[in-house]
Amino acid sequence: MTPDAEDTASHAGGRRGGRESALQMLYQWEVGRLTMPEVRRLFWNMGDEDAPDTTDRSRSFATALADGTVEHISEIDPLIEQSAENWRLARMPVMDRLILRLAVYEFLHHGETPQPVVIDEALELAKRFSTPEAVKFINGVLEGVRKRLDPETRTRA
C-alpha cells in the first residue's frame with residue numbers, strides 16, 4: 001500500500017492515526033514540559049484511552065514524526081513565522097502551532113508524502129483537535145510554507 005493509500009485507509013491503524021498520536025505526544029511535550037523520552041514512555045506505556053489504537057507501523061511513524069518535529073524545531077518555526085503574517089508562534093493556540101510544526105516537519109523530511117496530502121491531513125487534525133477558524137488559518141499558513149519551499153531543499157527521512 002502506498003503512503004497515499006494508507007493515509008485514506010483505516011483511520012486508526014493508518015498514517016492518520018500515526019499523525020494523531022504524534023500530535024498528542026507533541027502536546028504532552030509542549031504543555032507538560034516533558035522530554036521526548038518521557039513523552040514516549042508515558043504515551044505508549046500508559047494505555048492512554050484517547051490514543052488511537054495503532055499498529056506497529058503507525059506507532060513507528062508517530063514516534064518518528066514527534067521526535068523529528070522536536071529535533072528540527074529551530075528549522076521549522078522560522079518557516080511558520082514567515083508564512084503566518086502578523087502572528088508570532090507564541091501567540092498561536094497550542095494545537096494550531098503543533099499541527100503546523102508537524103506538517104512542516106513532514107514537508108521537509110518525509111518527501112514521500114505529497115505536500116497536498118500533508119496539508120489535507122493537517123486540516124483533518126485541525127477539524128478534530130482545534131476550531132473551525134483554525135482550519136482556514138492552518139491551510140493558509142501551510143500553503144505559504146509550501147510556496148516558500150524549493151523542491152531541491154526537501155530531504156528524505
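Trainee: Leaving aside neighbours within four places in sequence, which residues is Ile 80 in contact with?
Mentor: Keep in mind that this is a predicted model. Ile 80 is among the residues with the most contacts inside the largest nonpolar core. With neighbours up to four places away left out, the contacts of Ile 80 are Leu 89, Met 92, Leu 100, Arg 101, Val 104, Val 141 and Val 145.

Trainee: How many residues does the largest nonpolar core have?
Mentor: In soluble globular proteins, nonpolar side chains tend to be buried together. Here Ile 80, Val 104, Ile 138 and Leu 142 have the most contacts inside the largest such core. The number of residues in that core is 42.

Trainee: Which element gives the largest share of this core?
Mentor: The elements that give two or more residues to the core are α2, α3, α4, α5, α6, α7 and α8. The largest share is ten residues, and the element that gives it is α6.

Trainee: What pattern does the protein chain follow along the sequence?
Mentor: The chain has eight helices and zero strands. Read along the sequence, the pattern is therefore α-α-α-α-α-α-α-α.

Trainee: Is Glu 106 buried or exposed?
Mentor: Glu 106 is found in helix α6, residues 94-109. Its relative accessible area is 2%, and the cut-off for burial is under 20%, so Glu 106 counts as buried.

Trainee: Which side chain makes a polar contact with the side chain of Glu 106?
Mentor: Beyond four places in sequence, Glu 106 touches Arg 15, Arg 19, Phe 61, Leu 65, Gly 111, Thr 113 and Val 118. One of these, in helix α2, is buried as well, with a relative accessible area of 2%. The polar contact is 2.6 Å, and the partner is Arg 19.

Trainee: What is the volume of the largest cavity?
Mentor: Rolling a probe the size of a water molecule over the atoms shows where empty space is left. The count comes to one cavity of 30 Å³ or more. The space in the largest cavity is about 50 Å³.

Trainee: Which elements give two or more residues to the lining of the largest cavity?
Mentor: The lining consists of Arg 19, Ile 99, Leu 102, Ala 103, Glu 106, Val 118, Glu 121, Ala 122 and Leu 125. The elements that give two or more of the lining residues are α6 and α7.

Trainee: How many residues of that lining are charged?
Mentor: Arg 19, Glu 106 and Glu 121 are in the lining, and Arg and Glu count as charged. The lining also has six nonpolar residues and no polar ones. The number of charged residues is three.

Trainee: What is the length of the polar contact between the side chains of Glu 30 and Arg 97?
Mentor: Glu 30 lies in helix α2 and is buried, with a relative accessible area of 12%. Setting aside neighbours within four places, Glu 30 is in contact with Val 94, Arg 97, Leu 98 and Arg 101. The polar contact that joins the side chains of Glu 30 and Arg 97 is 2.5 Å.

Trainee: Is Arg 33 buried or exposed?
Mentor: Arg 33 lies in the loop between α2 and α3. Although not a glycine, Arg 33 has a positive phi of about 55°. Its relative accessibility is 71%, and the cut-off is over 50%, so Arg 33 counts as exposed.

Trainee: Where does Asn 86 lie?
Mentor: Asn 86 has a positive phi of about 65° and is not a glycine. At 82% relative accessibility, Asn 86 counts as exposed. Asn 86 lies in the loop between α5 and α6.

Trainee: What distance separates the C-alpha atoms of Pro 93 and Ser 130?
Mentor: Pro 93 is in the loop between α5 and α6 and is partly exposed, at 42% relative accessible area. Pro 93 and Ser 130 are 37 residues apart along the chain, and their C-alpha atoms are separated by 8.7 Å.

Key:
Residues numbered from 1 in each chain as written. Predicted model: local features only at pLDDT ≥ 70, side-chain atom pairs only at ≥ 80, totals over all residues. Heavy atoms only, no water. Helix = DSSP H or I, 4+ residues; strand = E, 2+ residues; numbered from the N terminus. Buried < 20%, exposed > 50% of the residue type's maximum accessible area, 1.4 Å probe, protein only. Polar contact = N/O pair within 3.5 Å; in protein donor to acceptor, adjacent residues only side chain to side chain. Contact = heavy atoms within 4.5 Å. 1 Å grid on protein atoms, 1.4 Å probe; cavity = no way out; pocket = protein on both sides within 12 Å on 5 of 7 lines; lining within 4 Å. Points joined across faces, edges and corners; volume = space filled by probe spheres on them. Core = buried A, V, L, I, M, F, W, Y, C linked by side-chain atoms within 4.5 Å.
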